[in-house]
Amino acid sequence: MGKYTEINSKTIDQWCEDGWEWGKPISHETYQKALHGEWNVLLTPTRLVPHEWFGNLKGKKVLGLASGGGQQMPIFQALGASCTVLDYSKKQCESERLVAEREGYTIDILCKDMTEKLPFEDETFDLIFHPVSNCYVEDVRSIFKECYRVLKKGGSFLGGYDIGINYIFDDDEKTIAYALPFNPLKDKKIYEDSLKNDWGLQFSHTLEEQIGGQLQAGFQLCDLYEDTNGEGNLHDHHIPTFIATRCIKK
């Protein structure tokens, strides 16, 4: 890993230790419900991903990209998929392993950095599930290209993305404190504030990078929806700060 991704992996490990919402694995009861067809997953903070975005997952190969934590992959396993998860947080990978052992299924768990070349052959997966996480990455376009490479023709790429608005505000979300782009590797104050406030090293990305980057990689955009933070001033004013997209490899 490069230096900033090492900082982020350790930061997320600590967040998980502290009870981070996105680091809590699903319960046995939730897994059992999924086995009987009652399930939902998130790509962004609050809006549930439409079931029609997935199709029938039975027998499909699914990659959870930066999707560790034992929240989504167990659901897909319960629906009959064969899952692989790649995440650079050791704690998130541990959660995946714990749920798999508890529920008695096998999952491939790779504790690796998604900014590096993905360790898979071309056209390996039927579905890639990529919840909000590329805000911890400086260059997202190279990740989209790798996703396109390892996805089978006709396969789906489902992703959740921060659209950048969050990064201009201070903690109360009422005062504009930073200019865009928000990049701690290119702004000393942002770097220092990020470490002081335990944000990890996060990066704002434009829709040009997020959606344009997927289109440039070769994907066809099929659907999208917006979401809010789920809490805070921006959420209270119904201001969308995230987007989820469904793309296909034609």
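Colleague: Is Cys16 buried or exposed?

Modeller: In this predicted model, Cys16 has a relative accessible area of 16%, so it counts as buried, the limit being under 20%.

Colleague: How many disulfides are found in the whole structure?

Modeller: A search of the whole structure gives zero. For Cys16, the nearest cysteine sulfur belongs to Cys93 and lies 9.9 Å away, whereas a disulfide needs the two sulfur atoms within 2.5 Å.

Colleague: Turning to the helices, how do the axes of α1 and α4 cross?

Modeller: Helix α1 (residues 3-17) and helix α4 (residues 90-103) have axes that come within 7 Å and cross at roughly 50°. That angle makes α1 oblique to α4.

Colleague: Which residues meet there?

Modeller: From α1, Ile12, Asp13, Cys16 and Glu17 meet Lys90, Lys91 and Gln92 of α4. By type, the residues of this contact are two nonpolar, one polar and four charged.

Colleague: What is the handedness of the crossing of α5 and α7?

Modeller: It is a right-handed crossing. The axes of α5 (residues 141-150) and α7 (residues 207-217) come within 9 Å and cross at roughly 35°. The contact includes Arg141, Phe144, Lys145 and Tyr148 of α5, and Glu208 and Gly213 are among the residues of α7. Its residues divide into three nonpolar, four polar and four charged.

How values were computed:
Residues numbered from 1 in each chain as written. Predicted model: local features only at pLDDT ≥ 70, side-chain atom pairs only at ≥ 80, totals over all residues. Heavy atoms only, no water. Axes fitted to C-alpha atoms, helices over the stretch in contact; angles between N-to-C directions. Helix = DSSP H or I, 4+ residues; strand = E, 2+ residues; numbered from the N terminus. Parallel < 35°, antiparallel > 145°, perpendicular 65-115°, else oblique. Contact = heavy atoms within 4.5 Å. Nonpolar A, V, L, I, M, F, W, Y, C, P; charged D, E, K, R; others polar. Left-handed = near helix turned anticlockwise from the far one by under 90°. Buried < 20%, exposed > 50% of the residue type's maximum accessible area, 1.4 Å probe, protein only.
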